[in-house]
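Q: Please give me a close look at one part of this model: how its residues pack together. I would like a single connected account, with the cut-offs spelled out.

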Amino acid sequence: MAVRFIDPQNADFFRNALNADPEFKIAARYMTKDVCIEVGITKCIVKFRDGIVTQIKSENAFADPWDFAVRGAEDAWEKFLQPIPPRFYDGIFGGMVRGNFRLEGDTISAFSHFWAVTRMLDIFRELQNK
Amino acid sequence: MARIEPIEGRYIYLTVQGIEYRVYYEESGKGIPIICQHGGGGDGLEWNRILMDCDITLKYRFIAVDLPYHGKSLPPESVQWWKEEYKLTKSFLMDLYLELIRELGLERPVFMGNAMGGFLALDLALEHPDQFRAVIAVNSALRAGKPTLDTFNHPDVTNDYRRSNAMYFCGPTSPEKYRREVTWCAMQSPSVTKGDLYYYFNEHDLTGKADKMDTSRCAVYLLTGEYNPTKSVEDTQMLIKQIKGSKFNEMKGMSHAGMAENPPLFKTYLMPILDEIAKQHN
């Protein structure tokens, strides 16, 4: 299964979907962070500026800075993105507890903005399966 | 005509380890008393949908307690709590419940708890088996790991974190309306989670002791959610091998939030246990 949110051709579509989501708008309020979502060896940087996603960059992002990263193997993300994920792949926190995902960088920031991150990933799942 | 549910809330004065507390509890139903303990950082609202279910409360009396410093149980007047770091201990929890049983005149109630409450259920069964006819430990295990807790107490980490985490402590097929209620309850939490987790991570450890539980004096039932990442089904299965006579059921599709994330489904696991307890004690 190809992970759609790291496809550069989908970047604008996914960005617009995030910014249009009512729950995401509340969850991401005031957020100005660069969030790295790493799928296997592919880095995807989601740039938030004052609560708005301004860019999703997965092409040539290897040197882009980030504040915190959520990392997982490709097959872990494939499981996470299923309409009904299997256990231990259904949520990032649980996935971290079970060693399927890693949270790195400024973890305080990550937990401060956890709602925005988890809602974002839920939207990625919805769009993956549309 | 007004629609009023038969849940009643009261305050009871309990003196525990020399300090007087006004402890809030809600009760509903008649019959065998069942004390309900909430999870870490939560309050008795987690049991709300169970207490409002007239089928369940027809034969059983549910008593859902807000621990001191949680929900409607304010901090004690005699303590300058704002100058101290809150820390929940096993001895406090046990003394509180023994005092509650005494003050309410409960005769060998059932003790049921989820997560942190599930840990306490087993600790009570081990150390005070003659005070309870049975315990129901939801999402419990031998012990927990010991992660860093400071992150969860950081001033930059607000209840936004708790609401999002709570969502994913529910199974993906649990109905959205109940999952959102779980997040709502989690958002209300005062900053007690780190203190509650002191007991959870540091003081509950049944290693080398679980096999000493006497289920002929206090029956032990365990329920664990299929999706629970913190205490997996396998963790519980390891535990039941050590508790002779204990009974276990995996709650399919459910996770850490237990009774709150899918009350109708939780009921299907709970009722056979309660009916078995009732039959054994008739």
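A: In chain A, 61% of the contacts with a separation of 6 or more are between residues 24 or more positions apart; two residues are in contact if their C-beta atoms, placed from the backbone, lie within 7 Å. Please keep in mind that this is a predicted model, where local features need pLDDT of at least 70 and side-chain atom pairs count only at pLDDT 80 or more, while totals for chains, interfaces and linings use all residues. For the naming, residues are numbered from 1 along each chain as its sequence is written, and chains are lettered from A and ligands numbered from 1 in the order in which they are written.

The C-alpha trace of chain A spans about 35 × 30 × 30 Å along its principal axes. Of the 130 residues, 40% count as buried, meaning that 20 or more other C-beta atoms lie within 10 Å of the residue's own, again with C-beta atoms placed from the backbone (12 or fewer is exposed, and in between is partly exposed). Chain A contains six helices and five strands, in the order α-α-β-β-β-β-α-α-β-α-α from the N terminus on. Helices (H or I, at least four residues) and strands (E, at least two) are DSSP runs, numbered from the N terminus.

Now to where the chains meet: 17 residues of chain A are in contact with 18 residues of chain B. On the chain A side, α4 (92-97), α5 (107-112) and α6 (114-128) each supply at least two residues, and α5(A) gives the most, with four. By class, this side has nine nonpolar, five polar and three charged residues; Ala, Val, Leu, Ile, Met, Phe, Trp, Tyr, Cys and Pro count as nonpolar, Asp, Glu, Lys and Arg as charged, and the others, Gly among them, as polar.

Chain B holds an open sheet of eight strands in the order β1-β2-β4-β3-β5-β6-β7-β8, with mixed pairing. Two strands pair if DSSP finds at least two bridges between them. β1 (8-16) and β8 (247-251) of chain B stand at the edges with a single partner strand each, so one side of each has no neighbour in the sheet. The partner of β1(B) in one pairing is β2 (residues 19-28), antiparallel over nine bridges, where I12(B) has V23(B) as its bridge partner.

Strand β3 (residues 32-37) of chain B deserves a look too: six of its six residues are buried, with I32(B), I34(B) and C36(B) on one side and P33(B), I35(B) and Q37(B) on the other. β3(B) pairs in the parallel sense with β4 (residues 60-65) over six bridges and runs parallel to β5 (residues 110-114), joined by four bridges. C36(B) stands opposite A64(B) in β4(B) and opposite M112(B) in β5(B).

Finally, the largest nonpolar core has 118 residues, and A121(B), V135(B), I136(B) and V220(B) have the most contacts inside it. Such a core is a set of buried Ala, Val, Leu, Ile, Met, Phe, Trp, Tyr and Cys residues joined through C-beta atoms within 7 Å. Beyond its neighbours within four places in sequence, V135(B) is in contact with residues including F111(B), A121(B), C218(B) and V220(B).
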